[in-house]
Amino acid sequence: MNHNTHGTAFKEVPVIGIGPLVTADPDPEELRLTVERIGEACRDVGFFYITDHGISEADSRALFGAAQEFFALPLEEKMRIRLGITEQFRGYVPLGGEVTAGKTDWHECLDLQPESGRQASTIAAAAAARRAGVHPLDDPGQWPPALPSFRETVMRAWDQLYGLSARIAAGMALSLGIDEHHFAPYHGVELSDLRMVHYPPYNETVGRTAPEKLAMEEVESGFGAHVDYGFLAVLQQDEVGGLEVLNAEGAWIPAPHIPGTFLVNIGQMMQRWTNDRYRATWHRVQLPGAVDRYSIPFFFEPAYDAVISPLDVCCDDDNPPRYEAVRFGPYVVELFSKAYD
Ligand SMILES: O=C(O)CCC(=O)C(=O)O
Ligand SMILES: [Fe+2]
């Protein structure tokens, strides 16, 4: 596997208070320091924890509660909204349904995305939905019929996480020395994705509950080593742990749950924008032990039609652009068609 080796031999993932980014009238010096730390973390690690992000513990707990309720449903119930029913690459993916780096991942997950995503006519569809005042996630086809309050909990979380991600993106823009609104025209709801992931316990008795088609010898991790492909992700995880991040010396550094924090990481589009100054870092999730693990990443993505090419501020004569321009929508649709063949 061709792992990235730029970045540093960091030994832990930094924690950054982002209060100044999410409050209305921040102290300019505090904002400057926050932005500086974000820039350092993006350059050296590609991952950072955030505190003072403005989302309450009660809201976070409610979202985890919804995820636990969903995964506890009988398989037939979950399969009613399985990925593959629509052309949207969203919905439920059962245990054994996802393969990373040639190995079957030990998790089941639910991708919750706007209906307007990944359609050929997506820009028109997204714009029409906005004009109609429809919530981007409110598509009757993706809610589990057995859980009446699921929809409301998830839509509330979506709005909070989308808003938070936009502020983090603004912080990243400032850290690059460009206008804080620079990325605003490039992000969009249509390909963003609130994902719930469940890693069931993995032990000797697990063979009894594993789906028939799942060859246990092919299971190597909860989530195989990968980089995220998009703009940035904001991850909430429970106390179980198991997530690891690769440093420049090839060591896997644990990124455990830290109470009150979320974990932010950048994807390949940010790496392209910054001409490799900021890095999309490899990460993986170890097999869980005797307990269930739940995580909820929110993938904040470029719009379908966003064209991403290296920023002028990240290029000069000694450091010419390393990437061609890419249109995010078609790029990602092709990626997904391969992943879920
Ligand atoms: O479950 C986690 O902690 C990470 C999941 C992840 O990396 C992903 O969904 O891309
Ligand atoms: Fe990931």
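Predicted model: local features only at pLDDT ≥ 70, side-chain atom pairs only at ≥ 80, totals over all residues.

User: How many residues surround ligand 1, and which are the closest?
Analyst: Ligand 1 has 13 residues around it, the closest being Tyr-199, His-226, His-283, Arg-293 and Ser-295. A residue counts as near if one of its heavy atoms lies within 4 Å of the molecule.

User: What classes are those shell residues?
Analyst: The shell has seven nonpolar, three polar and three charged residues. Ala, Val, Leu, Ile, Met, Phe, Trp, Tyr, Cys and Pro count as nonpolar, Asp, Glu, Lys and Arg as charged, and the others, Gly among them, as polar.

User: Which strands supply at least two residues of the shell?
Analyst: They are β7 (187–199), β9 (223–226), β14 (283–285) and β15 (293–302). The largest share, four residues, comes from β15. Strands (E, at least two residues) and helices (H or I, at least four) are DSSP runs, numbered from the N terminus.

User: Which polar side-chain atoms lie 2.6 Å from an oxygen atom of ligand 1?
Analyst: One belongs to Tyr-199 and another to Ser-295. For Arg-293, the distance from a polar side-chain atom to a ligand oxygen is 2.9 Å.

User: Changing topic, where is Asp-276?
Analyst: Asp-276 is in the loop between α7 (268–273) and β14. Its phi is positive, about 80°, although Asp-276 is not a glycine.

User: Is Asp-276 buried or exposed?
Analyst: Asp-276 has a relative accessible area of 17%, so it counts as buried. Buried means under 20% relative accessible area, exposed over 50%, and partly exposed in between, with a 1.4 Å probe and protein chains only.

User: Which side chains does Asp-276 contact?
Analyst: Polar contacts join the side chain of Asp-276 to that of Arg-322 at 3.0 Å and to that of Tyr-323 at 2.5 Å. Such a contact is a pair of N or O atoms within 3.5 Å; within protein, one must be able to donate a hydrogen and the other to accept it, and residues adjacent in sequence count only if both atoms are side-chain atoms.

User: And Asp-52, buried or exposed?
Analyst: Asp-52 is exposed, at 52% relative accessibility. Asp-52 sits in the loop between β2 (47–51) and α3 (57–71), and its phi is positive, near 55°.

Methods: Residues numbered from 1 in each chain as written. Chains lettered and ligands numbered in written order. Heavy atoms only, no water.
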